[in-house]
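Reader: Please put the model on screen. I would like to ask about its strands and a helix.

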Amino acid sequence: MRHMGDVLAGNHATWEFDTDSLLIRFERGIRTPRLFQSLRERRVPYAALSSVTLSPGKRGTVVLHAVPRPGADPLLEAAAGQLKEGCDPYRLALPADRETLAEYYADELRSVLGPEASEPADRFLVAAPEAPMQFKAYDGRAGFDGSRVSFRWSWTGASSAKWKAGDQTFPVAELSGVEWRSPEAMEGYLRLVPRGAADTDGPAPASGQGAPEPATGRVQADQDPAAVLFGLGYGPVHESLPFAAAVLESVRRTQPAPLVPAPAPVGGSLHDPAAVAERMRHLGELHRAGLVTDDEYSAKKAELLAEL
């Protein structure tokens, strides 16, 4: 950005423009959505954005919308399109008489978008809410300390299947994902997906008890010890969604890096210097992107050099 430190104030939030990122600070007023109050602030690298739009809003406002790249923000990945417009942290509403100013900053943001803006992000670029976290669900209490998720069942809300299974603890290293169904929808829940279950038609139940959901064959959330239920006043968006995002980011971070494939040679042997150089370049890109660890990079680089 050419004007580092500029601040654009809107309804419920201010945007501060830095050299390489956008700092969004949310207000704590009574009219501010509780999700914004829970998030407090978010730093969004420009590399995490795919586009910027400016459109008419409600009640004499215009809305500046910084659209993140798919896969860049764990909060939006966990939300999976279920957030209402008024709770979208990337939308800034301003009075309509400030449209010219908003258009100026929209152009400024567009000018810093890179060629990768049109592509999905291969890793999270926006930080997740920090652990430890907890919230009260309808059938228990969920907690996350950064490495383990715990469910402690309540006497009044938990099903007999969950009581029979007992309180649950899930190391994030044993999980492959998180499902969050908004508490503002019918039968909302948070469900943990164990490793190995993602390759099936749906997440495998954590226990053999309970009736399957008709559409997927999975155990219903009220019977699944790997899930907690939402309800009126239980698991609200501002508590359960940041929780889901934090768990999802930790799960992705602990997943093993993909191995670098060894492509078949085209028009030459595996020892063709040009082919080896291309594979080393690809390896370097994966390493810089954080998809290959230092040890994996060194080992694979040594293998490629040995082919010359």
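Reader: How many bridges pair strand 13 and strand 14?

Author: This is a predicted model, where local features need pLDDT of at least 70, side-chain atom pairs count only at pLDDT 80 or more, and totals for chains, interfaces and linings use all residues. Residues are numbered from 1 along each chain as its sequence is written, and side-chain values use heavy atoms, with hydrogens and water left out. Strands (E, at least two residues) and helices (H or I, at least four) are DSSP runs, numbered from the N terminus. Strands pair if DSSP finds at least two bridges between them; strand 13 (residues 189–194) and strand 14 run antiparallel, over 3 bridges.

Reader: How many of the 18 residues of helix 5 are buried?

Author: Buried means under 20% relative accessible area, exposed over 50%, partly exposed in between (1.4 Å probe, protein chains only). Helix 5 is largely enclosed by the rest of the structure, because its buried residues number 13 of the 18.

Reader: Which residue in strand 11 stands opposite valine 149?

Author: Strand 10 (residues 148–153) and strand 11 pair in the antiparallel sense over 4 bridges. In strand 11, the residue opposite valine 149 is phenylalanine 170.
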